[in-house]
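Let's take a look around the inside of a protein model.

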Amino acid sequence: MRDSIGSEIRRIFAEPGGQTIEISREDSGLFGPHSVCWQVHGDVTSMMIGGIASLLMQMLDPMVLAGVWDHSVFRQDMRGRLRRTAAFLARTTYGDRAQALGEIARIRRIHDHVHGTLPDGTPYKANDPTSLAWVHVTESLCFLDAYVRYRKPHMTMAERDRYFAEMAQIGRLLGADPVPYSHREAQRLVAKARPRLRFDERTREIADLLLNQPPSSPQLAPFHHMTMQAGVDLLPRWARHMHGLSISLPARLAVRGGTTGIAAITRWALAPGRTVRPAR
């Protein structure tokens with residue numbers, strides 16, 4: 001049963017064609033084995049929950065949403081898009097320095113071709129520092145918040161600040177500006193961005209596609225549905241309100257309890273020797 005669960009989860013993180021993401025590491029890369037990033041990004045359940053929550057927050061920015069709507073295959077191949085995001089995080093976190101920098105340069109080249117106009121005629125471009133900053137801060141916050149909730153609830157504020165300081169390196173290399181170096185700075189950046197956030201029919205369509213996508217296999221259905229609900233629960237109240245999403249207190253308690261159990265099962269299935277973390 002352990003191998004079966006582990007194999008199903010690995011398939012989520014496989015490259016096209018079913019090959020697992022292999023990363024050769026000749027040095028410690030951008031962070032190293034003693035970094036907070038290695039801890040946070042190595043917890044599969046937390047990363048998936050944080051990924052769902054961050055996507056729901058990111059699409060509230062009209063310029064970020066427009067890039068997805070006009071240029072991404074997100075609507076046709078959502079699972080593939082999520083897999084590519086996971087691959088980016090794996091390579092930039094655990095790869096050697098050359099591999100990490102090469103991955104970042106590749107993404108910047110892709111962003112160079114992503115530009116257009118909003119429905120109201122406002123121009124946008126994916127390499128806009130403010131848009132990149134929104135993507136960066138929401139990902140960092142949601143990944144960390146999920147890790148604290150489901151893996152390390154007593155994580156110190158110094159460790160949380162160190163995570164943002166480490167992640168700032170990726171944000172800067174991608175061209176984001178400003179980037180937070182502490183948890184407090186991240187919260188301030190989100191508060192500052194809120195007046196420009198919007199929810200419309202396009203936001204609703206992308207959110208519905210994300211939250212209602214079928215599980216990759218029947219065996220992962222409980223894991224899949226609980227992860228989606230945990231992602232919604234992780235959102236700040238104001239973001240849930242903008243999306244028109246709600247979760248009652250009893251449902252919240254059930255989701256958190258169930259997700260804690262699923263996270264434990266996932267770690268058991270992906271224990272050393274059975275892990276989706278890229279090979280050394």
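The largest nonpolar core holds 59 residues, and V40, L56, M57, M59, W134, Y163 and W238 touch the most other members. A nonpolar core here is a set of buried Ala, Val, Leu, Ile, Met, Phe, Trp, Tyr and Cys residues joined through side-chain atoms within 4.5 Å; buried means under 20% relative accessible area, worked out with a 1.4 Å probe on protein chains only. Helix 7 (residues 129-150) gives the most to this core, with ten residues. Apart from it lies another core of five residues, including L132, A168, A176 and V179.

This is a predicted model, so local features need pLDDT of at least 70 and side-chain atom pairs count only at pLDDT 80 or more, while totals for chains, interfaces and linings use all residues. Residues are numbered from 1 along each chain as its sequence is written, and side-chain values use heavy atoms, leaving out hydrogens and water.

| Residue | In contact with |
|---|---|
| Y163 | V36, C37, V40, H41, S140, F143 and L144 |
| S46 | A146, Y147, Y150, R151 and R267 |

S46 sits in helix 3 (residues 44-58), a helix being a DSSP run of H or I with at least four residues, numbered from the N terminus. Is S46 buried or exposed? S46 is buried, because its relative accessible area is 0%. Its side chain also makes a polar contact of 2.5 Å with the side chain of D43.

Methods:
Buried < 20%, exposed > 50% of the residue type's maximum accessible area, 1.4 Å probe, protein only. Helix = DSSP H or I, 4+ residues; strand = E, 2+ residues; numbered from the N terminus. Contact = heavy atoms within 4.5 Å. Polar contact = N/O pair within 3.5 Å; in protein donor to acceptor, adjacent residues only side chain to side chain. Lists of a residue's contacts leave out its neighbours within four places in sequence.
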